[in-house]
Protein chains: 2
Amino acid sequence: MTKPKGSTPKALRTREAIEIAARELFAINGFDRTTVRDIGARAGIDPSMIIRYFGSKDALFAQIAAPDLHLPDLSATDSGVIGETLVRHFLDLWEGDGVGGGMPVLLRSAASNEEAAEQLRKIFLTQVFPAVARAGPPETAPRRAGLVASQLLGLALTRYVLMVPPVVMMPPEFIIRTVGATIQRYASGECLSPDEA
Amino acid sequence: MTKPKGSTPKALRTREAIEIAARELFAINGFDRTTVRDIGARAGIDPSMIIRYFGSKDALFAQIAAPDLHLPDLSATDSGVIGETLVRHFLDLWEGDGVGGGMPVLLRSAASNEEAAEQLRKIFLTQVFPAVARAGPPETAPRRAGLVASQLLGLALTRYVLMVPPVVMMPPEFIIRTVGATIQRYASGECLSPDEA
DNA sequence: TATTTTAGTCAACAGTTGTTGGCAAATTAA
DNA sequence: TTAATTTGCCAACAACTGTTGACTAAAATA
């Protein structure tokens with residue numbers, strides 16, 4: 001035994017270097033415009049290593065672009081501040097360099113990469129949907145979650161990808177208050193007629 | 001004289017065929033994943049014609065992706081239905097196959113194409129901004145327009161590009177009412193403190 | 001009709017892409 | 001230290017990219 005192919009300390013270090021470089025480049029340029037040669041150059045290793053470590057460029061992307069949103073349990077928070085809580089959480093996630101940085105990666109790539117789009121729908125389904133669902137009547141849960149997603153992703157798109165000037169300049173507290181109020185209305189369902197599923 | 005290089009009826013027909021094919025493919029696959037060979041095949045002509053007619057792939061894209069939103073003059077409409085009017089207008093534009101179809105094209109491509117992103121910012125600046133500006137106090141105009149853009153583009157993103165199921169299923173009247181209310185709040189500035197520019 | 005101009009095709013170019021096999025160097029295990 | 005693996009680099013591949021020039025067929029002009 002004792003033949004760990006790819007788990008020696010040196011291997012783990014370069015493996016992580018590749019992941020970091022890939023995450024940065026995918027976030028900046030998207031999937032298509034990021035080449036394995038670019039990633040290799042940034043990680044300081046030969047491009048061929050990327051294939052040997054991850055099998056293919058697509059496989060590498062799949063491993064990079066799986067962010068955990070760590071959404072808070074909204075059923076526990078005061079129902080009056082659900083919107084603010086959600087927006088604050090997302091801004092903290094996106095503004096920092098944490099693992100949630102996988103979100104801009106997906107947003108940049110989802111436009112032309114069906115796999116990335118599927119990944120984003122999955123995140124929406126498994127993380128945003130349950131969190132929003134508990135904040136209102138179950139019948140209207142899909143629509144409430146859909147509206148929340150449209151505003152939240154629109155914010156991320158205009159602020160981090162398209163970089164529309166006034167949206168970029170807005171201080172976090174301002175966004176939390178204004179957009180938070182919208183999310184609040186969507187999530188609670190106060191904007192829906194009682195008879196529409 | 002009488003040497004119109006590219007204005008003979010036959011030339012105009014194939015030129016239009018190229019534009020149509022390009023518009024469709026750009027909208028479906030985005031800029032990067034659309035090749036001149038694909039466009040040529042769909043238009044039924046040799047790929048080299050595309051270069052001879054438009055100069056380059058980028059030039060073709062620039063001509064395709066310049067949609068005119070034809071936004072209504074909101075200063076003339078009742079200030080109470082500004083939101084609904086705007087959302088209804090965008091849905092009509094996007095839902096149909098008209099010239100406004102250039103919007104999904106841009107949205108798909110803007111993620112990885114800086115030129116497309118710039119184009120989208122330009123459209124925002126020259127069309128959405130003025131329309132929204134007249135609906136409230138001038139000092140808050142940039143922020144109001146920014147918020148409007150974030151919700152409007154988020155709607156287009158989730159409904160036409162990412163195709164988040166519940167957002168796709170929403171009937172237009174539902175969107176006009178719910179999202180329209182949000183746009184109304186953003187555009188009028190009723191969600192802003194009076195002292196924040 | 002004769003002639004000039006244009007539309008269109010073909011083949012090929014130079015560059016870039018993801019990916020692979022062979023070989024030297026370094027690290028690990030004994 | 002010596003032997004066994006594995007990390008890493010190099011060169012090259014096949015496929016695909018946008019783009020170009022030469023040549024043929026068609027159309028417009030006279």
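Reader: Why is Leu192(A) called buried?

Author: Its relative accessibility is 11%. Buried means under 20% relative accessible area, exposed means over 50%, and partly exposed lies in between (1.4 Å probe, protein chains only). At 11%, Leu192(A) therefore counts as buried. This is a predicted model: local features need pLDDT of at least 70, side-chain atom pairs count only at pLDDT 80 or more, and totals for chains, interfaces and linings use all residues. Residues are numbered from 1 along each chain as its sequence is written, chains are lettered from A and ligands numbered from 1 in the order in which they are written, and side-chain values use heavy atoms, with hydrogens and water left out.

Reader: Where is Leu192(A) found, and what does Leu192(A) touch?

Author: Leu192(A) sits in the segment after helix H10 (172-188) of chain A. Helices here are DSSP runs (H or I, at least four residues), numbered from the N terminus. Contact means heavy atoms within 4.5 Å. Setting aside residues up to four places away in sequence, Leu192(A) touches Thr140(A), Arg144(A), Leu147(A), Phe174(B) and Thr178(B).

Reader: What makes Leu152(A) buried or exposed?

Author: Its relative accessibility is 3%, so Leu152(A) counts as buried. Leu152(A) lies in helix H8 (residues 141-161) of chain A. Beyond its neighbours within four places in sequence, Leu152(A) contacts Val87(A), Phe90(A), Trp94(A) and Ile183(A). Thr182(A) is 30 residues away from Leu152(A) in sequence and 9.9 Å away in space, C-alpha to C-alpha.

Reader: How do you know how much area is buried between chain A and chain B?

Author: Buried area is the accessible area (1.4 Å probe) that two parts lose on being put together, summed over both. For chain A and chain B that comes to about 3,700 Å². Carbon and sulfur atoms give 61% of that area. The contact takes 47 residues from chain A and 47 residues from chain B. Arg33(A), Ala111(A) and Leu162(A) supply 16% of the area that chain A buries against chain B, more than any other three residues.

Reader: Why is the meeting of Arg33(B) and Asp32(A) called a salt bridge?

Author: A salt bridge is a side-chain nitrogen of Lys or Arg within 4 Å of a carboxyl oxygen of Asp or Glu. The side chains of Arg33(B) and Asp32(A) meet at 2.8 Å, N to O, so the pair qualifies. The count between chain A and chain B is two salt bridges.

Reader: Which helix gives the largest share of the side of chain A that touches chain B?

Author: H8(A) does, with 13 residues. By class, that side of chain A has 28 nonpolar, 11 polar and eight charged residues. Ala, Val, Leu, Ile, Met, Phe, Trp, Tyr, Cys and Pro count as nonpolar, Asp, Glu, Lys and Arg as charged, and the others, Gly among them, as polar.

Reader: What domains does chain A have, and how many salt bridges are counted between them?

Author: The assignment gives domain 1 (9-64) and domain 2 (79-188). Such bounds come from an automatic or database domain assignment. The count between the two domains is zero salt bridges. Their centres, taken over C-alpha atoms, are 27 Å apart. The two domains bury about 830 Å² between them, 56% of it on carbon and sulfur atoms. In domain 1 of chain A, Arg23(A), Ala27(A) and Phe61(A) lose the most area to domain 2 of chain A, together 47% of what that side buries.

Definitions and conventions:
Helix = DSSP H or I, 4+ residues; strand = E, 2+ residues; numbered from the N terminus.
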